[in-house]
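Open the model in your viewer and switch to a cartoon view. This tour goes from the whole chain to single residues.

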Amino acid sequence: DVKPGYPALETHLPVMMSEGVIKRNIPIEKVIEKMTKNPAKIFGIYPQKGSLLPGSDADLVVLDLNNKKIVNSDNLSSRSDFSIYEGKELIGWPIYTIKEGKIVVKDGKLSEVGIKGRCLKR
């Protein structure tokens with residue numbers, strides 16, 4: 001009855017910032033490219049996604065590289081009751097997520113703005 005995998009959606013970006021950018025001095029541009037452009041290319045949806053080019057459908061995340069938090073699964077939005085990063089301090093948490101020009105997440109809280117997704121053909 002156990003599903004494979006681990007919950008990481010909300011901690012993925014702070015882990016990459018903490019472990020890649022901060023601790024290992026990987027250029028932030030390289031990390032972001034690996035997290036956005038490359039997956040979009042693999043899934044055949046680049047440049048519609050994964051770029052800030054004219055005509056692209058860009059959703060943006062604004063993060064604070066000074067924002068440090070200790071991971072506590074009780075404070076995450078996941079339905080899971082654990083995090084593999086439980087108790088770990090991560091740096092670089094998102095403060096805003098912007099979709100279609102509207103702030104849809106602020107400081108980890110969903111806004112009241114109606115959020116709609118759509119399936120992209122590839």
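Two strands count as paired if DSSP finds at least two bridges between them. Keep that in mind for the sheet. The model is predicted.

**Whole chain.** Select everything. Along the sequence they come in the order α-α-α-β-β-β-β. The C-alpha atoms fill a box of roughly 40 × 35 × 30 Å along the principal axes. Now colour by burial: 25% of the 122 residues are buried. The accessible area is about 9,000 Å², and carbon and sulfur atoms account for 55% of it. Colour the charges next. There are 20 positive and 15 negative side chains, and the centres of the two sets lie 7 Å apart. Of the contacts between residues at least 6 apart in sequence, 52% join residues at least 24 apart.

**The sheet.** Select the four strands. They form an open sheet in the order β1-β2-β3-β4, with antiparallel pairing. Which strands stand at the edges? They are β1 (60-70) and β4 (109-110). Each has a single partner strand, so one side of each lacks a neighbour in the sheet. Strands of a sheet pair through backbone hydrogen bonds.

**β1 and β2.** Zoom in on this pair. β2 covers residues 89-99, and eight bridges join β1 to β2 in antiparallel fashion. Pick V61: opposite V61, in β2, stands T97.

**Helix α1.** Show the side chains. Which residues of α1 are buried? L13, P14, V15, M17, S18, E19, G20 and V21 are. What covers the buried residues of α1? The cover includes α2 (28-35), β1 and β2. Step just past α1 to N25, where phi is positive, at about 55 degrees.

**K102.** Move on to β3, residues 102-106, and select K102 in that strand. Is K102 buried, partly exposed or exposed? The relative accessible area of K102 is 44%. Buried means under 20% and exposed means over 50%. K102 is therefore partly exposed. To finish, draw a distance from K102 to A40. These residues are 62 apart along the chain, and their C-alpha atoms are separated by 22 Å.

How values were computed:
Residues numbered from 1 in each chain as written. Predicted model: local features only at pLDDT ≥ 70, side-chain atom pairs only at ≥ 80, totals over all residues. Heavy atoms only, no water. Helix = DSSP H or I, 4+ residues; strand = E, 2+ residues; numbered from the N terminus. Buried < 20%, exposed > 50% of the residue type's maximum accessible area, 1.4 Å probe, protein only. Contact = heavy atoms within 4.5 Å. Areas by Shrake-Rupley, 256 points an atom, 1.4 Å probe, with all protein chains shown as cover. Lys, Arg positive; Asp, Glu negative; His and termini not counted. Charge placed at Lys NZ, Arg CZ, Asp CG, Glu CD.
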